[in-house]
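Trainee: I would be grateful for a close look at a single part of this model, followed by its setting in the chain.

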Amino acid sequence: MTRLAALVVGGDLSAWQTLGFPVVGDAVCVADVAVHITSGSTGVLGWSFVSGRVGHVSIDGIPTDLVVEAPCAPGATSRLGATTVVGLDHVVVNTDDPSRTCAAIERELGLPVRRVRELGNGATQTFHKADNTVIEVVSGPHITHTGAQLWGMVASVDDIEGFVSDASARLGDTVVSRAKPAVQPGRMIATVRADAGLGIPFALMSPHVRASRGD
């Protein structure tokens, strides 16, 4: 399987530490994905995958490294304050042409399209499933740049209400939103606001809810 190994994010490492992530060198681990923080331009600047190949490719304009091993152990969890991050739920890619971008993801990473969701007004979400996360490709009239760009990410935590309560007590009510029902049934989501200083869109969700099976 193809596994997301790391992301490169421009911004302030201390902002991630203040939010509650333990820092090792220039990185934080979001479950089993290393997030390397670099000074300079903000935003999600690149990513790397363990995929059985080694080298550097461009996925519709996104710098992509193919590596032998990842910095964080497969299946690892990580801490976020008093909360446990159990997985990187998904990474969002914005594109002006989902067919072109999704074809590049399948060609370079071997990840076929799993599902397409119509959002209305010409906007779509297209999903590719890696071993440890989902790549969500978003397109629509609101995307005005040419090519694909990494945009943001969502992590899953074991206690989202506990995290919101802890973050509000430590950092104030303007840093993290209240948890609210997510699009996925049975899940909750809270947004880390710009006041946190991460420099990218970042949100937290409660874990996946397994569908019940009748006898």
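Mentor: Along strand β7, residues 62-67, the side chains alternate between two faces. Buried here means under 20% relative accessible area, exposed over 50%, and partly exposed in between, with a 1.4 Å probe and protein chains only. Strands (E, at least two residues) and helices (H or I, at least four) are DSSP runs numbered from the N terminus. In a regular strand, side chains alternate between the two faces of the sheet.

This is a predicted model, in which local features need pLDDT of at least 70 and side-chain atom pairs count only at pLDDT 80 or more, while totals for chains, interfaces and linings use all residues. Residues are numbered from 1 along each chain as its sequence is written, and side-chain values use heavy atoms, with hydrogens and water left out.

Strand β7 has pairing partners, where pairing requires that DSSP find at least two bridges between two strands. Strand β5 (residues 43-50) runs parallel to β7 and is joined to it by 4 bridges; Ser 48 stands opposite Asp 65 of β7. Strand β6 (residues 55-59) pairs with β7 in the antiparallel sense over 5 bridges, and Ile 59 stands opposite Ile 62. β6 and β7 form a hairpin with 2 residues between them, and Asp 60 in the turn has a positive phi of about 50 degrees.

Positive phi values occur at other loop positions as well. Ala 31, in the loop between β3 (27-30) and β4 (33-38), has a phi near 60 degrees although it is not glycine. At 2% relative accessibility, Ala 31 counts as buried. Asn 121, in the loop between β10 (113-120) and β11 (123-129), has a phi near 55 degrees; at 75% relative accessibility, Asn 121 counts as exposed.

Arg 3 counts as buried, at 9% relative accessibility. Leaving aside neighbours within four places in sequence, Arg 3 is in contact (heavy atoms within 4.5 Å) with residues including Asp 32, Ser 48, Phe 49, Val 50 and Asp 131.

As for the setting, the protein chain comes to 3 helices and 16 strands. Of its 215 residues, 48% count as buried. Among contacts between residues at least 6 apart in sequence, 64% join residues at least 24 apart.
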